[in-house]
Every structure is written in C-alpha cells, then in structure tokens.
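Please look over the notes below alongside the model.

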Amino acid sequence: MRTWPAPNIPALPVAANLAPVRVFDSATGTLVEAAPGSIATLYACGITPYDATHLGHANTYLAFDLLQRAWLDAGKQVTYASNITDVDDPLLERAAATGVDWRELAREQTELFRADMTALRMLPPNAWVSVVAIIPDVVAAVAGMLARGEAYWVDGDVYADLSADPWFGTVAGLAASDPATLALFGERGGDPERPGKRHPLDPALWRAERPGDPSWEGGQLGRGRPGWHIECAVIARDALGLPFDIQGGGTDLRFPHHEMSSSHARLIGGGAARTHMHAGLVAYQGEKMSKSRGNLVFVSRLLADGVDPMAIRLALLFHHYREEWEWTDADLARGVECLAVWRQGVAEAHRATGLDGGVADRVVAGVRAALADDLNAPRALSLVDEWAALQSCAPGGPAAAQAVAEAIDALLGIRL
Ligand code: ZN
C-alpha cells in the first residue's frame with residue numbers, strides 16, 4: 001500500500017563507542033541487543049482501520065519509531081513492515097452498525113491514520129501491506145499447513161493444530177492448560193468453546209464464507225477469509241524473511257496474537273521474531289483506552305483543535321514505552337510547555353556567541369545512550385530540558401543550537 005511521506009532525518013556526526021541498542025524482550029524478560037547485525041528487521045502489527053488513530057495507537061507506533069531512529073543512527077539498514085487488518089470482525093461489525101460499507105470505512109480510517117502518522121513524523125513502513133491484498137498467499141500457507149498435518153478442518157473452517165509446534169508458549173509464557181489462558185483467548189477474539197477443535201486454544205486460519213460476510217476464493221479451502229494471526233505471519237515472512245529481529249505491538253497483542261502468529265511463522269517459514277517488544281497501554285478516564293469502551297482520544301481531534309503535533313509527541317515521550325499510564329489534560333499541557341522551552345532554548349543558544357565547551361555534545365551523547373538503553377525517552381527528555389533551561393544564563397552559541405536541534409529531530413523525531 002502507499003505509505004505516508006518519510007520525514008527528513010538529519011544525519012548526525014558519527015559517534016565512536018555508541019552503545020548497542022538494547023530492548024526489553026517480553027518473551028524472556030531480559031534486555032537484549034535489538035538487532036546485532038548491520039541489517040535490522042522490524043514488524044509492528046498494524047491497526048484494524050476503524051477508530052484510528054487514538055493515543056494508544058500513537059504511543060505504540062512511537063516506540064517502534066524511536067527504535068528505528070536509534071538503529072538508523074547506529075548505521076544499520078532498517079526494514080520495517082506493518083499491515084492493515086482491513087477485513088476483520090470488529091471492522092465488519094462497526095460497518096454494519098453504522099450502515100457504512102466496510103471497504104469505505106477501512107479506506108477512510110486508513111487515510112486518517114496516514115495523515116496522523118505524517119503529522120507525528122513517524123517513519124513509514126518499507127512494506128505496508130493490506131490483508132485483502134495478500135489473501136492468495138494466506139491460502140497457500142494454510143494449504144501447506146493442512147498438507148503437513150499442522151492444521152485441520154472443523155465444519156468447513158480451518159484451524160491450526162498448536163501441538164504441531166513444540167515452541168508454542170514461548171512468547172507469552174502462559175500455560176495452555178490454565179483456565180485463565182482460555183479465558184484470555186476468549187476475551188481477545190478466540191473461540192475456546194467451539195466444538196470439534198482438537199484443543200480449545202487452536203486458532204482459526206481460514207473461516208468459510210458466512211452469509212453477509214465478505215469472502216474470497218480460497219482454492220481447496222473454499223470461499224472464505226483469513227484468520228487474524230496467520231496474516232501477520234505471512235506478511236512478515238514475505239516482507240522481512242524469517243526469522244526477523246523484532247515483532248512488536250501493544251501488550252494486549254502479546255497473547256494470543258503474537259503467540260499464535262509466531263507459532264504459525266515457525267510452521268510456514270521455519271522461524272519467527274527473535275525478540276518481542278510490547279508497549280504499555282494508555283488509559284483514559286480510569287480505564288484502558290479501547291475501542292470497545294469508547295473512551296478514546298484521537299490524534300486527529302487534537303490536531304483539529306490546533307495542538308502542535310510535536311507537543312503530542314512530547315507528551316507521549318514523557319512516558320517510557322513500557323509504562324502503563326493514564327492520559328490527562330496535564331500530559332498535553334506538559335508537552336506544549338516542553339516544546340516552548342526547547343524552542344526558546346535553541347533560539348537563545350543560536351543568538352549567542354558563547355562557546356559551550358562541549359555541553360551540547362554531551363547532551364547529544366546522553367540522548368543517544370538513553371535511547372540505546374531500552375528506548376529511555378523520559379531520560380533523554382530530561383537531558384534536553386536541562387540544556388534548554390541552561391541557555392537563558394549560559395547560551396551555547398549557534399553550533400551548539402544546531403547540534404542539539406538536529407539530534408532532537410533525528411533521534412526523538414521532534415522538529416522545533
Ligand atoms: Zn499482527
């Protein structure tokens with residue numbers, strides 16, 4: 001799919017002794033080097049295009065944007081793939097409830113997402129793939145699983161046999177026999193009660209055509225549409241190759257989505273993501289921001305109200321990506337104020353003739369080190385804050401102003 005325009009990223013002076021970028025691997029609970037080689041591959045699960053783009057989405061994609069900026073600064077060649085789940089139960093339900101054609105709803109919401117990502121200066125994916133566009137590839141993958149005995153039929157639908165994958169369970173660490181695991185599977189789109197399945201957790205790979213539902217020709221699978229998890233496995237395989245470095249999303253994707261899609265990826269391509277990263281969920285008015293609760297704050301709404309997108313970005317960056325937190329008006333006020341302080345600091349430094357004695361270089365090195373340490377944006381922000389405050393009494397001069405402004409732009413995505 002056509003992505004959105006890439007923001008310009010200033011090239012920073014090459015630094016000696018850059019720390020490797022390490023991130024928290026939620027599968028193992030340890031800090032790991034995010035991509036040890038010269039090539040870095042990332043798959044961040046995309047949106048289902050309705051109710052786009054709320055601040056929870058923005059918070060998640062911002063984490064993976066920072067990761068790419070850190071990788072690029074380290075000189076890596078980055079390939080980023082993502083998807084648009086443009087046919088899925090929640091989208092179809094919303095379309096039916098509002099009397100809008102599901103394709104029109106998906107198109108309109110994808111356009112909104114594209115505009116929001118552009119305003120927030122997010123790096124676009126190299127491969128942004130619509131699920132509707134890759135249905136023949138999903139059909140072939142599912143047919144292969146059936147042929148190898150890794151999938152089976154239940155009344156015309158096809159399910160994965162999770163027992164075919166000895167590594168199932170290594171992403172979320174949940175016991176398949178635990179009733180709480182089954183309950184979570186049910187809450188998050190699974191069907192543990194479906195009769196005829198070999199195991200209650202086995203997920204759907206192909207859903208036969210139902211009256212009123214969109215469907216596609218599936219060859220030996222018959223008409224139908226794909227299950228959710230197999231889509232991401234197929235897209236990651238085709239866009240990045242398997243295995244790849246990082247699979248990411250919000251923490252609510254850890255199970256079942258990432259557990260299942262990793263399992264499918266191992267069976268269809270011999271490997272999955274080496275590392276799983278999960279961003280904390282953003283609450284609003286006391287509860288997790290979610291489509292089903294309707295307590296959403298939209299990026300497009302804030303932009304329409306005249307909020308500077310860089311202030312939104314800063315408001316989110318004040319929270320570490322793994323933090324679970326609640327959005328309030330105070331967050332936005334803090335972002336607006338921070339942006340003003342930084343702009344003033346750079347302007348004061350620029351006007352001055354003073355020599356900063358390496359202060360700016362130390363700030364840039366500090367921001368780099370903070371990002372390399374599990375994307376510690378709050379620490380990076382406090383370093384820039386201190387520098388900006390210092391400029392009113394000890395301004396650093398134009399070179400210092402330029403060095404800090406370019407680092408903020410390249411590493412944090414904040415254009416002053
Ligand atoms: Zn996904």
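1. Helices (H or I, at least four residues) and strands (E, at least two) are DSSP runs, numbered from the N terminus. The model is predicted, so local features need pLDDT of at least 70 and side-chain atom pairs count only at pLDDT 80 or more, while totals for chains, interfaces and linings use all residues. Residue numbers start from 1 along each chain as its sequence is written, and side-chain values use heavy atoms, with hydrogens and water left out.

2. Helix 1 gives the largest share of the lining of the second largest pocket, three residues. Helix 1 (55-73) and helix 13 (398-412) each supply at least two lining residues. The lining has 14 residues, and Pro10, Ala11, Leu12, Leu72 and Asp73 lie nearest the pocket centre. A pocket here is an open set of points on a 1 Å grid over the protein atoms alone, where a 1.4 Å probe fits, with protein on both sides within 12 Å along at least five of seven lines; lining residues have an atom within 4 Å of a point.

3. Two peptide bonds are worth checking. The bond from alanine 52 to threonine 53 is cis, with omega near -15°; threonine 53 sits in the loop between strand 3 (39-44) and helix 1. The bond from phenylalanine 255 to proline 256 is also cis, with omega near 0°, and proline 256 belongs to helix 7 (residues 254-269).

4. Arginine 121 has a positive phi, near 60°, in the loop between helix 3 (102-119) and strand 5 (127-130). Glutamine 285 has a positive phi of about 55°, in the loop between strand 12 (282-284) and strand 13 (287-288).
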